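Here are some comments for a colleague who is opening this structure for the first time. They are set out as numbered points, to be read alongside the model.

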Amino acid sequence: PIAWIVEGADDASVAYAARLMEQGANVRAIDQAIELDGYTFSRGSVMVYNNDNRAFDGDLAALVAATAGELKLSATGLSEGLGSGNLPDIGGRHFVLLERPRVAILSRGGISPYSFGAIWHSIDSNLGIRHSHLDQARFGSRDLRRYNVLVLPHRYRGELSGDELKALKAWVVAGGTLIAIQG
């Protein structure tokens, strides 16, 4: 195959993409419904393209198959990349190269331990990717540039300080993705 695609309608496709990127594979998300090689895929489907992974050190086909198998997904191998009619072709702008997530979760200092625990479990067990836990006591002095996703669990008391909010805003403006839960 020139590429493998996993149907994006299954929520496990997110874990599939994250786990492949964790192993060093380049992965793309498809931003509209497509038809390739006689198969139809919905928006949000995940593609691993051989041309994106020329420098991959290992057996890409085996990694794709093993990761899909772990998540009970079907990775469809494609032998051609031309879309039907006006539908997109592989290599076009509708196949968005994803950036490997570098995730941190804020903890302690007024963070609900239940919210923190549920998020930690979901990232660890469902997505199966590495992540860091940042203690709020040192949050304002941390260099957040090493992360591209920061999850703020629900707070049961207190608020972030002005310095913490300022650091957080600067990080988001610089391109970080903030996920804030409830309060």
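1. Please keep in mind throughout that the model is predicted.

2. Helix H1 itself is largely enclosed by the rest of the structure, because 10 of its 11 residues are buried; among them are Ala12, Tyr16, Leu20 and Met21. The cover over the buried residues of H1 includes strands E1 (3–6), E5 (46–49) and E6 (75–78), together with helices H2 (60–70) and H3.

3. One of the buried residues of H1 is Arg19, which forms a salt bridge with Glu70, their closest N and O atoms lying 3.4 Å apart. This pair links distant parts of the chain, since Arg19 belongs to helix H1 and Glu70 to helix H2, 51 residues apart. Arg19 has a relative accessible area of 16% and is buried, whereas Glu70, at 51%, is exposed.

4. The whole structure holds 6 salt bridges, including one between Glu99 and Arg102 at 3.2 Å, N to O, and one between Asp143 and Arg145, with the closest N and O atoms 2.8 Å apart. In the former, Glu99 is exposed at 53% and Arg102 partly exposed at 27%; in the latter, Asp143 is partly exposed at 44% and Arg145 exposed at 68%.

5. The largest pocket has a volume of about 570 Å³ and is lined by 24 residues, with Val14, Pro101, Val103, Leu127 and Val149 nearest its centre. Helices H1 and H3 and strands E10 and E11 each give two or more residues to this lining, which comprises 16 nonpolar, 7 polar and 1 charged residues.

Conventions. Residues are numbered from 1 along each chain as its sequence is written. This is a predicted model: local features need pLDDT of at least 70, side-chain atom pairs count only at pLDDT 80 or more; totals for chains, interfaces and linings use all residues. Side-chain values use heavy atoms; hydrogens and water are left out. On a 1 Å grid over the protein atoms alone, a cavity is a set of points where a 1.4 Å probe fits but cannot get out, and a pocket is an open set with protein on both sides within 12 Å along at least five of seven lines; lining residues have an atom within 4 Å of a point. Grid points are joined across faces, edges and corners, and a volume is the space filled by probe spheres set on the points. Helices (H or I, at least four residues) and strands (E, at least two) are DSSP runs, numbered from the N terminus. Ala, Val, Leu, Ile, Met, Phe, Trp, Tyr, Cys and Pro count as nonpolar, Asp, Glu, Lys and Arg as charged, and the others, Gly among them, as polar. Buried means under 20% relative accessible area, exposed over 50%, partly exposed in between (1.4 Å probe, protein chains only). Contact means heavy atoms within 4.5 Å. A salt bridge is a side-chain nitrogen of Lys or Arg within 4 Å of a carboxyl oxygen of Asp or Glu.
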